[in-house]
Structure formats: structure tokens, C-alpha cells
Amino acid sequence: MSDELGRAVDKLVERQLPSGGFSWFAGGPDDPYMTQYLVEGIGHLDRLGVPVLQEHPALAQLLEKAVRYTDDRMVERYNDIQPQDLDKDQLGHLAIHWLYARSFFLEGAKGVQQIIPLSAEAQKVHTYYLGQAAQWWNKRAPYAQGLLALSLHRNGPKEVATKIVASLKQRALQDEEQGMYWKADFSWYWYEMPIETQSLMIEVFDEVARDDQSVEAMKIWLLKNKQTNRWETTKGTAAAVYALLLKGDNWLAVDLPVEITLGGAPLDVAAIPKEAGTGHFQKTWNAGEIRTELGQITVQNPNKNPAWGAVYWQYFEQLDKITRFKETPLQLDKKLFKEINTDRGPQLVPLDANTPLTVGDLVKVRIVLRVDREMEYVHLKDMRGAGFEPLNVLSQYQWQGGMGYFESTRDLSSNFFIGYLPKGTFVFEYPLRVTHAGDFSTGICTIQSMYAPEFTAHSEGIRVRVAKK
């Protein structure tokens, strides 16, 4: 690791431009945000106590040149403001990020290893934007407010930083399972990404509010998000790692096994082989060992780190006798409708076992999906009755009800592959044609997260009768 770190430092030194800035990719122009992001990253290492600046003098020189570059760019931006507009809102996101990145290397930063003082001109600009932050912070999104809270706490009026954190806490959502988080719309902008926002809030509530309870609750949301999603970028992943290492209990130091009882009898967790690193284990009961009492399960976690798992009960049952999942993060409701033509146009009539169909009828399948959290890479499979044929025979990408998915029609089922599933309620519909007479079970609809298979659900079974013409 020491050798890799040395090579990384050498690569950074090689990539630094004569101006002190960095381009996004080699050969490009200097980029103020990318340079500030690099300064921020070194600040994070500094904050964690990693002695990279002491062990690599070349990195310390690189840092000073990069910091001077960001100062000069911000002075230029300030000088472009018309005098009559100085009292207006000039608090751009690049200035907000500069205040935060710069704060790691000024008096007031916690654990600072290298202080890089501001020049007289840069000090004037720094003071101006701190004043802007104190005045206009309430007009910004949560991520920008978190950056401003930390900057003001380190270099500005601490009472304003305290006010920002109080406002953030009032707007936070609290959930017993998912912890503490903020509602954030998906965006492509670097200052509106949910993982970076959540990670930054951990730093804010640790340093400004010293609220350990909120910090632990926010760490839970971060890991619960990872359970059903992939963190989209290396930038977001680095921010999350920094936040998890920064403060709180060491969740990797697990000393005691989780206490599990089934039917009043304790499970000997210590005797079950576990996967190194994760602590994952699995216990299987055969059919002859299954008793009703095993459904009474209690779990006690004596450690401070979160733990999660799943219990699967596998059995055989007639499809039309299966009942719907209830009280789970994923919920499915499947219904069939007969489409009839009226003088008012096509109408849908709900189907059940007492509503006969005839060969040639058009049937509409409606699947209502409810999900209480964001998920990625979800597979929804709807089984099709033997007397029906789909009208959608071509597999293709579809957009319906505000969500995109790939629909794949197979011999026995229709499959929907959802890359990104937002929180909310969604409706899937597709048509079938009745082709054979008889008494049929249409099967069930199932959904499962490919990232976390324990997140699964199914609908109830439906039986229909098809009469001959």
C-alpha cells in the first residue's frame, strides 16, 4: 500500500499544470472544481490523521500550489462582480465548495497538519464569501448548506453554523430501520448527489453539532442504501468511506455474535462457520424439522454495529392458493381485467373465478408495485396462464408510469428488468388474448432485488374460467 501511495503521489505531481491547477483528464485545461476537489481529498486524509503530507514532501508542495491556484481563481471571480451587485446573492456553488476545501488548511480546522495562509487579496474575498454564506445559506440545497455549516464553524460565525444544523435536523426524515436521511431528488449535478450529501451530513453533525446519535443513524442509512443500490461513482464511494471512517463506533470490531432464538430455543451461532470479513453465515432446516413454533423469531444484537439477515420458508403450493406478501418493503398487487367495447369506448371489467371468459377475449393485466425505498437492478416476473397468449411479443425497452424498464416476453412469463426503481407506487399493464377454453391458474407475480435477494415479494394467485364460444 505504501508503494501504491507513492506512485499515486508521483502521478499527481506529474499531472499538475504550471498554474498549480489540475485538468479533468490529461491534456485538458485547468479546472477550478477538479483542483478544489483534489484539495478537499487531501484535507480528508489530513482530517483522518493519515500522515501523507509529512511522509511525501512533494505532495505538500503540490498542495500549496493547488491551494494558491484556487485562491487566485476565486479572486478573479470576485473581481468580475459589479460593485453595485456585491450586496446581492453571489454565493455560487464553486465559491461554497472553495470555502469548504480551503477550510482544511486554515486556523480553525481540526487536526490540521499544514496551514496555508490566505494572501491579503484572497483574505478579502474569503471574508466576503463567508458574509454571503451567513446571509444566503437558507436559499441553498442541503449539500451546499452542509458545506457552509462546516466552513462557518471553522472560519466564520459559529452561531450561523449552529443555526444551519438546526434547520437541517428539522428537515431530516427519521426511520427506525433506515435511520436518518434527507429527501433528495436525483440530479446529475455534483452538488445534488444523494450519497455525497448523506456523507457530508455525517461530518456536519459530528463536527458542528457533536450529535453522536444522529451520526450513527445517518451511517445506518448509508449502509442500507448500499444494500439495495450500487454507489454510482468513485467520488460518492470515496465520500462514503471518509464519512464512515471519520466518526462513531468501529462497526468492523464485532466482538459478540448476534443472539437469535427460534420457537423459544437459542440458535448456536458460534458453532456455525462464518465468512471471513463479513461474518455471513447460513443455517438450513429440512422439511422434517420444520415446526410452527419456528416462525416465532427474535433477534438481539449486543454490538453497536448494524446487522441484517433474512429467513426464507420454501414450500410447495397450488399457484391459485398462494396469498399476497404483506408488510414488506416491496408489495405487489396483481389483477386481471376483461376489456369490452361500449358506446363510450373500451372499458375494463375486473375478473375473478366467477367471471367467465370466452376464447378471443382481450384481457389486461395490471400489476401495482409499491416500494418504500430506492432500489436498483430489480427483476419483476409475471407468470402467465396456459390459456393466454401475449400481444407484446417483442422484447424491448419501455417507458410507463414515469419509470423505464426492459420488458422480455417468454413462453411462460413476462419479465420486467428495472435498472432504477424510485420510492413510490408504480403500475405495469400489458394485454393478453384468450386462446383456449378451460379452468386455468394465471400464476403469481414475483419481484426480487438482484443486489439484496432478501428483498422480495409476490402477489396472490388468480384462477379464471374460459368457456367455449
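Mentor: Tyr377 is found in strand S10 (residues 375-383), where strands (E, at least two residues) and helices (H or I, at least four) are DSSP runs numbered from the N terminus. The model is predicted, with local features needing pLDDT of at least 70 and side-chain atom pairs counting only at pLDDT 80 or more, while totals for chains, interfaces and linings use all residues. Residues are numbered from 1 along each chain as its sequence is written, and side-chain values use heavy atoms, with hydrogens and water left out.

What draws attention to Tyr377 is its backbone: phi is near 55 degrees, a positive value in a residue other than glycine. Most residues other than glycine have a negative phi. At 34% relative accessibility, Tyr377 counts as partly exposed, a class that lies between buried (under 20% relative accessible area) and exposed (over 50%), computed with a 1.4 Å probe on protein chains only.

Arg210 is found in the loop between helix H9 (194-207) and helix H10 (212-228), and with a relative accessible area of 62% it is exposed.

Strands of a sheet pair through backbone hydrogen bonds, either parallel or antiparallel. Two strands are taken as paired if DSSP finds at least two bridges between them. S9 runs antiparallel to strand S6 (residues 330-342), to which ten bridges join it, and within this pairing Lys334 stands opposite Ile367 of S9. Ten bridges join S9 to strand S15 (residues 424-434), again in an antiparallel arrangement, and there Arg366 faces Glu429 of S15.

Elsewhere, an open sheet of three strands has the order S4-S3-S5, with antiparallel pairing. Its edge strands, each pairing on one side only, are S4 (265-266) and S5 (297-300). Strand S3 (residues 259-262) is joined to S4 by two bridges, and Leu262 stands opposite Ala265 in S4.

Among the helices, H4 (residues 57-79) and H5 (residues 93-103) pack at an angle of about 145 degrees, with their axes 11 Å apart; axes here are lines fitted to C-alpha atoms, for helices over the stretch in contact, and angles run from 0 to 180 degrees between N-to-C directions. The contact (heavy atoms within 4.5 Å) includes Val67 and Met74 of H4, together with Leu94 and Trp98 of H5.

For the chain as a whole, the secondary structure comes to eleven helices and 19 strands, and 43% of the 469 residues count as buried. The C-alpha trace spans about 90 × 65 × 40 Å along its principal axes. The radius of gyration is 29 Å, whereas a compact globule of 469 residues would have one near 23 Å; this radius is taken over C-alpha atoms, and the globule rule is 2.2 Å times the number of residues to the power 0.38. Of the contacts with a separation of 6 or more, 71% are between residues 24 or more positions apart.
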